[in-house]
Amino acid sequence: MNTLVTDKLCSFEDYLQYDDGTDNRYELVKGRLELMNPRTIRHLLIADFIGDSLKAEINRKQLPWLCFKEAGVRTGLQKCRVTDLCVVLQEQALDLLDKSAVFQTPPLLVVEVVSPESINRDYGYKRSEYAAAEIVEYWIVDPILNQLSLLRLEEGFYEETILTATQPIVSQVFPELTLTVDQVLAAGNIGA
């Protein structure tokens, strides 16, 4: 469960500079720092697989894009979410080269992998915040329900397509990507 770090409100600029001397990761939610739980091994394996797949497609197509793990995305005046993966234009990253990896302009794609403690955050809060931040495509990979929710921004709201099993992930951002939900979820298994 996320724990509140402080009752003191934090500005977005303070958040960008915040360092408590640990490796802890925090999100900024309504001006408050919230500690993020460590990820499960399944979560990390799935995120790595998707990240490797997206990077391979970016390289294959020679796109001027980058894929980052655990970068921040500003989602409001006093809000910042830490993504499992996000794909951005190289120029967005260039602007932040020596600054905190928090994008203040919308990424092309955000991917979140659901863990037991992140269900409400990934399906609820992040969904509405990412839509408000105008992120055109958002994937929610759910190894608990064995599904992937592909959300596309349409007139300010996400249109959701739930994919399972051998269904291909049909991405507008990566139209030639050839991945199925089963391939993504199988990445979370060891020795299978």
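User: Hi! Leaving aside neighbours within four places in sequence, which residues is Ile-50 in contact with?

Analyst: Hi! Ile-50 is in contact with Leu-85, Val-111, Trp-139, Val-141 and Val-184. Contact here means heavy atoms within 4.5 Å. Before we go on, this is a predicted model, where local features need pLDDT of at least 70 and side-chain atom pairs count only at pLDDT 80 or more, while totals for chains, interfaces and linings use all residues. Residues are numbered from 1 along each chain as its sequence is written, and side-chain values use heavy atoms, with hydrogens and water left out.

User: Thanks! Which residues touch the most other members of the largest nonpolar core?

Analyst: That core has 26 residues, and Ile-50, Leu-54, Val-87, Trp-139, Val-141, Ile-169 and Phe-174 touch the most other members. A nonpolar core is a set of buried Ala, Val, Leu, Ile, Met, Phe, Trp, Tyr and Cys residues joined through side-chain atoms within 4.5 Å. Buried means under 20% relative accessible area, exposed means over 50%, and partly exposed is in between (1.4 Å probe, protein chains only).

User: Which helix gives the most to this core?

Analyst: Helix 2 does, with five residues. Helices (H or I, at least four residues) and strands (E, at least two) are DSSP runs, numbered from the N terminus.

User: And how many residues are in the other core?

Analyst: That one lies apart and has 17 residues, among them Cys-86, Val-110, Tyr-130 and Tyr-138.

User: New topic: where is Leu-153, and what does it touch?

Analyst: Leu-153 sits in strand 10. Not counting residues up to four places away in sequence, Leu-153 touches Ala-131, Glu-134, Ile-135, Val-136 and Tyr-158.

User: Is strand 10 mostly covered or uncovered?

Analyst: Mostly covered, as six of its eight residues are buried.

User: Which strands join up with strand 10?

Analyst: Strand 9 pairs with strand 10 in the antiparallel sense over six bridges. On that side, Glu-137 stands opposite Arg-152. Strand 11 (residues 157-163) also runs antiparallel to strand 10, joined by seven bridges, and there Glu-160 is the bridge partner of Leu-151. Two strands pair if DSSP finds at least two bridges between them.

User: What about the hairpins? Which residues take a positive phi there?

Analyst: In the hairpin of strand 9 and strand 10, with four residues between the strands, Asn-146 takes a positive phi near 55 degrees. In the hairpin of strand 10 and strand 11, with two residues between the strands, Glu-155 takes a positive phi near 55 degrees.

User: Last one: how do the residues lining the largest pocket divide up?

Analyst: They divide into nine nonpolar, four polar and four charged. Here Ala, Val, Leu, Ile, Met, Phe, Trp, Tyr, Cys and Pro count as nonpolar, Asp, Glu, Lys and Arg as charged, and the others, Gly among them, as polar.
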